[in-house]
Amino acid sequence: MAISAATLLNIWETGTTQAPVVRVLTLLTPLFPETPVAELPIGMRDSLLLLVREWLLGTQMDCVAVCPGCATRVEFVVATTALRALAPTITEQQLTIGEQQLAFRLPASIDLLALPRDSAATRHLIERCLIEAPMTLSDEILTAVATAMTEADPLLDLRIALNCPDCGHTWVAPFDVAGFVWQELDRWVRRLLRDVHSLARAYGWEESAILALSPQRRALYLQMVNDERSVG
């Protein structure tokens with residue numbers, strides 16, 4: 001799917017001042033207008049984010065983490081296709097704890113937006129997502145449901161195993177799909193705006209005209225501008 005530069009620029013401009021969960025919805029809703037994005041399980045939502053990333057930048061994500069053992073910057077690559085394969089296909093799940101039967105749905109953005117900002121947020125999230133449950137929710141039940149949720153939707157709390165090439169330390173690092181994709185979009189937009197600035201100064205074109213150019217034509221004009229500068 002081709003996404004216009006102007007559309008992404010408008011989405012980015014709106015999202016820069018929003019909270020992370022709202023920002024994700026701002027990005028996805030206009031691109032998938034027939035999909036109830038806010039009601040999708042987080043893994044399904046993030047699968048759409050990764051798909052957008054593929055359209056924009058390809059499937060290979062170059063990542064960096066800091067080794068907790070020696071503070072070395074560790075570079076690693078994650079494929080969007082591999083992460084999208086982790087997305088759940090079933091929204092509602094069943095769980096047996098002892099003799100008790102539970103039913104729950106996987107958390108969605110709409111649930112995250114409704115959470116209070118306190119230490120009981122996890123409990124509130126689980127309570128919102130329970131469909132059938134006993135009257136009393138013990139800590140054991142809450143822990144079991146939280147574990148079952150992350151097992152059913154690995155993207156809900158994604159962790160990536162890493163190894164430091166310098167000290168050999170191994171650890172499991174959290175990976176925030178939504179945050180990572182937005183950071184990449186932010187860098188992409190800032191590069192685009194620098195290109196717009198360069199072409200506007202060189203040719204006197206308006207922003208809308210520059211954004212309407214295909215990436216290939218925009219790159220060719222930029223190359224000609226840079227060639228003239230190097231000659232001069």
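## Aromatic pairs

The model holds five aromatic pairs, counting Phe, Tyr and Trp rings (six-membered ring for Trp) with centres within 6.5 Å; planes under 30 degrees apart are stacked, over 60 edge-to-face, the rest tilted. Tyr-203 and Trp-205 are stacked, because their ring centres lie 4.4 Å apart with the planes at 10°. Tyr-203 also pairs edge-to-face with Tyr-221, at 5.5 Å centre to centre and 75° between the planes. Tyr-203 sits in helix 8 (residues 177-203) and Tyr-221 in helix 10 (residues 215-231), so this pair ties together parts 18 residues apart in sequence. Helices here are DSSP runs of H or I with at least four residues, strands are E runs of at least two, and both are numbered from the N terminus.

Tyr-203, Trp-205 and Tyr-221 make up one aromatic cluster. Tyr-203 is partly exposed at 33% relative accessible area (buried is under 20%, exposed over 50%, partly exposed in between; 1.4 Å probe, protein chains only). Trp-205 is partly exposed at 29%, and Tyr-221 is partly exposed at 23%.

## Basis of the model

This is a predicted model: local features need pLDDT of at least 70, side-chain atom pairs need 80 or more, and totals for chains, interfaces and linings use all residues. Residues are numbered from 1 along each chain as its sequence is written, and side-chain values use heavy atoms, without hydrogens or water.

## Pockets

Pockets are open sets of points on a 1 Å grid over the protein atoms alone, with protein on both sides within 12 Å along at least five of seven lines; a 1.4 Å probe is used, and lining residues have an atom within 4 Å of a point. Volume is the space filled by probe spheres set on the points, which are joined across faces, edges and corners.

The largest pocket has about 530 Å³ of space. Its lining has 25 residues, with Ile-42, Arg-45, Leu-112, Leu-156 and Asp-176 nearest the centre. By class, 18 are nonpolar, three polar and four charged (nonpolar: Ala, Val, Leu, Ile, Met, Phe, Trp, Tyr, Cys, Pro; charged: Asp, Glu, Lys, Arg; polar: the others, Gly among them). The second largest pocket has a volume of about 290 Å³. Its 17 lining residues include Ala-5, Leu-56, Trp-188, Pro-215 and Arg-218, which lie nearest its centre. Helix 8 gives the largest share of that lining, four residues.

## Hairpin

Strand 3 (residues 92-97) and strand 4 (residues 100-105) run antiparallel, joined by six bridges; strands pair if DSSP finds at least two bridges between them. Leu-95 has Leu-102 as its bridge partner. Two residues separate the strands in this hairpin, and Gly-98 in the turn has a positive phi of about 65°.
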